[in-house]
Amino acid sequence: MAASSAGNFYQDFDLIWGDHRAKILSGGSLLTLSLDQASGSGFQSKRQYLFGRFDMQLKLVAGNSAGTVTAYYLSSEGPNRDEIDFEFLGNLSGDPYIVHTNVYTQGKADREQQFYLWFDPTKDFHTYSFLWNPQRIIFLVDNIPIRVFNNGEPYGVPFPKRQPMKLYSSLWNADQWATKGGLVKTDWSKAPFTAFYRNFKANACVWSKGSSSCANNKNNAWQTQGLDANSRRRLRWVQKYFMIYNYCSDLKRFPGGRPRECRRSRF
Ligand SMILES: *[C@@H]1O[C@H](CO)[C@@H](O)[C@H](O)[C@H]1NC(C)=O
């Protein structure tokens with residue numbers, strides 16, 4: 001089965017939530033999700049993957065997007081799930097989105113890192129990527145690494161590597177908590193809220209009938225990719241100027257000592 005695909009939403013995704021609010025347009029090259037007071041919407045990949053590099057261009061809800069959340073994530077099915085999350089928390093016009101990231105391993109998360117972006121994510125499309133190989137997970141924005149989660153199995157931290165995942169996205173109302181901690185409510189007079197997707201690319205291992213095949217990747221570099229000196233420099237730049245929350249630095253939250261991966265990794 002082809003493990004590598006470029007940009008046909010009909011071929012790669014199913015619209016799974018929100019009826020007409022999720023749409024595939026332009027012959028399969030554009031997908032839109034929208035949210036109104038009755039419902040949000042969402043889609044999921046047809047395939048399951050076990051490791052890969054996934055790139056998608058998103059243009060987030062513009063204007064007053066306070067209260068809305070656009071989630072874009074990989075997740076396994078069933079209990080004790082593994083999940084790798086980007087969540088984009090909307091804001092009042094002119095105020096910055098927060099990019100929230102998390103990693104679940106076998107049902108356990110509590111590994112949030114949050115960032116502002118160095119551009120307005122509602123003006124143009126930007127590329128948001130997951131690189132997931134057996135050694136690490138890298139979150140990238142326009143090919144700039146913003147977060148790395150290393151495989152900490154050697155020191156007892158579970159890593160997602162046995163459960164295949166699908167790629168999901170949804171747009172929903174989270175005004176209970178999303179914007180300024182829930183103080184700013186969704187302004188329904190601005191509905192529908194719409195997010196745009198294009199240029200999905202997966203160089204990935206496709207899971208089928210209990211085994212995974214990486215046969216048809218156009219590019220296999222992701223399988224062993226880590227951070228070279230240049231990416232480490234960019235990661236430090238993002239973490240220094242744009243990171244607004246890091247669970248590893250939240251000492252109050254872990255009175256018994258920080259999670260092990262925080263003690264072992266500089267990132
Ligand atoms: C929204 O804007 C405020 C004010 O600039 C900022 O403190 C907050 O982090 C922004 N993002 C969210 C999701 O609340």
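Contact here means heavy atoms within 4.5 Å. The model is predicted: local features need pLDDT of at least 70 and side-chain atom pairs count only at pLDDT 80 or more, while totals for chains, interfaces and linings use all residues. Residues are numbered from 1 along each chain as its sequence is written, and side-chain values use heavy atoms, without hydrogens and water.

View 1. Glu 83 is buried, with a relative accessible area of 7% (buried: under 20%; exposed: over 50%; partly exposed: in between; 1.4 Å probe, protein chains only). Leaving aside neighbours within four places in sequence, Glu 83 is in contact with residues including Tyr 73, Asn 102 and Met 165.

**View 2. Surroundings of Glu 87.** Glu 87 also counts as buried, at 15% relative accessibility. Not counting residues up to four places away in sequence, Glu 87 touches, among others, Val 69, His 100, Trp 172 and Trp 177.

**View 3. The pair Arg 53 and Asp 55.** These side chains meet in a salt bridge (3.0 Å, N to O), defined as a side-chain nitrogen of Lys or Arg within 4 Å of a carboxyl oxygen of Asp or Glu. Arg 53 is buried at 15% relative accessible area, as is Asp 55 at 11%.

**View 4. The pair Glu 153 and Arg 162.** A salt bridge of 3.9 Å, N to O, joins the two side chains. Glu 153 is partly exposed at 27% relative accessibility, whereas Arg 162 is exposed at 56%.
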